[in-house]
Amino acid sequence: MDIMDIKKYAAELIGTAVLVLFGCGSAAIFGSQLGILGIAMAFGLSIVAMAYVIGGISGCHINPAVSIAMFIDKRLSAKDFVLYVVFQVIGALVGIALLALIISMTSLGGIETTGLGANGFDSASLVGLNMTGALIVEIILTFVFVFTILGVTESEKYGSVAGIVIGLVLVFVHIMGIPLTGTSVNPARSLAPAIFMGGIALQQVWVFIVAPLVGGALAALVYRFFKVADDAKKSKKA
């Protein structure tokens, strides 16, 4: 493993930790006062910040659903895919551990009261969304999010605005998703609080691992279909 590999993996760890700390932290610490838009903005702005800091180092995936899409689209090697996911999960655990530590030094009532921004369905959903609904919602939201990322990062001409576009898309998927599932679209972001919370959060977390990975993979397959069709059209004209 050379120094460039270490930098990439470290960037993914730090970026995911920041996303989880500030995104889940906004939901856990002051979610009732911030409201849906405030929490959504916290997640989106975390992405914007990290995109411009580590985007040139690792691509700023900080999400296994993004990494699996990049792997399917042949922008990421198998080795990097596996190690990106490993370091994303480690980063998420670091971020949620820092959040739990901060909460332990407040009068909020501990992680049991705050919930650490964990995802859920049925009784853990604000609107009582069932398991099937949670799977469908998370696949759709992740598809939209990752599909946008694939498009906006395909060409260097979008480089200056890519981080802003991606952040804003994460905001709008959270606006819809927070009342339904708490919005995952990121298996690492969901796994970390579930591990710390245990109980129903840990029992349900498989939905928020499987559905985003399916949504990310579908986004990559559809994007490749469009790209191949467009390339074929251009070759005919030539």
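Before I turn to the first residue, a definition: a helix here is a DSSP run of H or I at least four residues long, and helices are numbered from the N terminus. In that sense, Gly-23 is found in helix 1. Please bear in mind throughout that this is a predicted model.

Let me stay with Gly-23. Its relative accessibility is 0%, and since buried means under 20%, Gly-23 counts as buried. What does Gly-23 touch, leaving aside residues up to four places away in sequence? The contacts are Val-18, Ile-39, Ala-42, Phe-43 and Ser-46. Phe-43 deserves a separate remark: it stands 20 residues from Gly-23 along the chain, yet the two C-alpha atoms are separated by 4.5 Å.

I now turn to the annotation. The UniProt record, an unreviewed entry, assigns "transmembrane region" to residues 9–30, 36–60, 81–106, 126–150, 162–185 and 205–226. For two of these spans I can set the annotation beside the model. Residues 9–30 are 100% helix and 0% strand, with end C-alpha atoms 31 Å apart. Residues 205–226 are 91% helix and 0% strand, and there the end C-alpha atoms lie 32 Å apart.

Next, the surface. A nonpolar patch of about 1,000 Å² is formed by Ile-29, Phe-30, Leu-34, Val-82, Val-86, Ile-90, Val-94, Leu-98, Leu-101, Ile-102, Met-105 and Leu-108. Two helices, helix 1 (3–58) and helix 3 (78–104), each supply at least two residues of this patch. Which helix gives the most? That is helix 3, with 7 residues. Val-82, one of the patch members, has its place in helix 3. With a relative accessibility of 48%, Val-82 counts as partly exposed, because that class lies between the 20% limit for buried and the 50% limit for exposed.

Where does Thr-181 lie? Its position is the loop between helix 6 (159–177) and helix 7 (187–197). Is Thr-181 buried or exposed? At 2% relative accessibility, Thr-181 counts as buried. The side chain of Thr-181 makes a polar contact with the side chain of Glu-138, at 2.5 Å. Beyond residues up to four places away in sequence, Thr-181 touches Asn-119, Gly-120, Leu-129, Ala-134, Val-137, Glu-138 and Phe-208.

Technical notes: Residues are numbered from 1 along each chain as its sequence is written. This is a predicted model: local features need pLDDT of at least 70, side-chain atom pairs count only at pLDDT 80 or more; totals for chains, interfaces and linings use all residues. Side-chain values use heavy atoms; hydrogens and water are left out. Patches are made of residues with over 30% relative accessible area and no salt bridge: like charges are joined within 9 Å, nonpolar side chains (Val, Leu, Ile, Met, Phe, Trp, Tyr) within 5 Å. Accessible areas come from the Shrake-Rupley method with a 1.4 Å probe; for residues, only the protein chains shown count as cover. A salt bridge is a side-chain nitrogen of Lys or Arg within 4 Å of a carboxyl oxygen of Asp or Glu. Buried means under 20% relative accessible area, exposed over 50%, partly exposed in between (1.4 Å probe, protein chains only). A polar contact is a pair of N or O atoms within 3.5 Å; within protein, one must be able to donate a hydrogen and the other to accept it, and residues adjacent in sequence count only if both atoms are side-chain atoms. Contact means heavy atoms within 4.5 Å. UniProt positions are given in the numbering used here, feature names are shortened, and annotations may be inferred rather than shown by experiment.
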